[in-house]
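Please read this briefing alongside the sequence and the model, which are shown just below. The points that follow are grouped by topic.

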Amino acid sequence: MKNQVKISPSILSADFSKLSEEILSLEKGGADMIHVDVMDGHFVPNLTFGPPVIKKIRKCTKLPFDVHLMITQVDKYIKDYADAGADIITIHPEATNNLSQSIDIIKSCKKKAGVSLNPETSVELLKDDLLKKLDLILIMSVNPGFAGQKFIPEVLDKVKFFRHKINNNKLNIDLEIDGGIDFKTAPLSIKAGANVLVSGTTIFNNTGSISENIKNLRKS
Ligand code: DX5
Ligand code: ZN
């Protein structure tokens, strides 16, 4: 079990009119990485960032970019996001015909590879041979598409399942949880075994400052 909990703030909830300042505040506030939610209006009913935006904001920080691709036909676009400055590229199994091959594409771009499981997606999809290739597992605790949704507690069983698997097999995989993470659900997620918390609403829209919110999420 990795002891330090990492915080990956989602810039989906940032003020886009001052994105570079927001990213700077995240860095100063102690964020470990920047979670970039890429949506194409097909895989999920919402549209967000393309590679040119990522390329521009890449200059604002040295923090790793944790890029969560919620797009169809993902193989076509992996290289574009890698070239734009992603450090970790996470994909959904539903977005590819061959998950293993898509992971190999990420690896061939020399980036860390993650797979994200929706609340309804079974853990069985990640077989042992596939796990060996992964740097990150992202457990969705809401249905992807929008910020500010309610945490689905049933997904904590999946977090526990993968925490055991990672520890028992001594795998070097980050276990990340995404959606509805606040000061109540963060401790539940950490207890279940997550070591990376994604959060948008709680970090950007809570009453505290960005740095207070990050600190409180980490210690919760
Ligand atoms: C949902 C995204 C999440 C989301 C997190 O599709 O993957 O990263 O923006 O936002 P909050 O913290 O508001 O649930
Ligand atoms: Zn996300």
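Which residues are the closest to ligand 1? Ligand 1 is surrounded by 20 residues, and the closest are D37, G145, G148, D178 and T201, where a residue counts as near a molecule if one of its heavy atoms lies within 4 Å of it. This is a predicted model, in which local features need pLDDT of at least 70 and side-chain atom pairs count only at pLDDT 80 or more, whereas totals for chains, interfaces and linings use all residues. Residues are numbered from 1 along each chain as its sequence is written, chains are lettered from A and ligands numbered from 1 in the order in which they are written, and side-chain values use heavy atoms, with hydrogens and water left out.

**Ligand 1**

- The side chain of D37 has an N or O atom 2.7 Å from an oxygen atom of ligand 1.
- Backbone atoms also take part: an N or O atom of the G145 backbone lies 2.8 Å from an oxygen atom of ligand 1, and a backbone N or O atom of G200 is likewise 2.8 Å from an oxygen atom of ligand 1.

**The zinc ion**

- The zinc ion (ligand 2) is coordinated at 2.0 to 2.3 Å by H35 (NE2), D37 (OD), H68 (ND1) and D178 (OD); donors are N, O and S atoms within 2.8 Å of the metal (3.2 Å for Na, K and Ca), and since water is not among the atoms, sites may look incomplete.
- The arrangement around the zinc ion (ligand 2) is octahedral because its six donor atoms subtend angles of 67 to 167 degrees; six donors count as octahedral if opposite donors are over 155 degrees apart and all others between 65 and 115.
- Along the chain, the donors of the zinc ion (ligand 2) follow the spacing H-x1-D-x30-H-x109-D.
- Distant parts of the chain are linked by the pair H35, in strand 2 (residues 34-39), and D178, in strand 7 (residues 174-178), which are 143 residues apart; helices (H or I, at least four residues) and strands (E, at least two) are DSSP runs, numbered from the N terminus.
- H35 and D178 are both buried, where buried means under 20% relative accessible area, exposed over 50%, and partly exposed in between (1.4 Å probe, protein chains only).

**H92 and its surroundings**

- H92 lies in the loop between strand 4 (88-91) and helix 4 (99-108), and it counts as buried because its relative accessibility is 0%.
- The H92 side chain makes a polar contact of 2.9 Å with the side chain of H68, and another, of 3.3 Å, with the side chain of N118; a polar contact is a pair of N or O atoms within 3.5 Å, and within protein one must be able to donate a hydrogen and the other to accept it, while residues adjacent in sequence count only if both atoms are side-chain atoms.
- Apart from neighbours within four places in sequence, H92 is in contact (heavy atoms within 4.5 Å) with F43, H68, L69, M70, S116, N118, M140 and P144.

- The buried residues of helix 9 (residues 210-219) are I210, N213, I214 and L217.
- Viewed down the axis of helix 9, these buried residues fall within an arc of 100 degrees, so they line one face of the helix; the arc is that of the directions from the helix axis to the C-beta atoms.
- The exposed residues K215 and K219 are carried on the face of helix 9 turned away from its buried side.
- Among the elements that cover the buried residues of helix 9 are strand 1 (6-9), helix 1 (19-28), helix 7 (185-192), strand 8 (196-199) and helix 8 (201-205).
- In helix 7, the buried residues T185, A186, S189, I190 and A192 cover an arc of only 160 degrees around the axis, which puts them on the same side of helix 7.
- Helix 6, strand 7, strand 8 and helix 9 are what the buried residues of helix 7 pack against.

- Most residues other than glycine have a negative phi.
- Q73, which is not a glycine, has a positive phi of about 45 degrees; Q73 is found in the loop between strand 3 (65-70) and helix 3 and is exposed, with a relative accessible area of 52%.
- K170 has a positive phi near 50 degrees; K170 lies in the loop between helix 6 and strand 7 and is exposed, at 74% relative accessible area.

Notes
Tetrahedral: all angles 85-135°; square planar, octahedral: opposite > 155°, others 65-115°.
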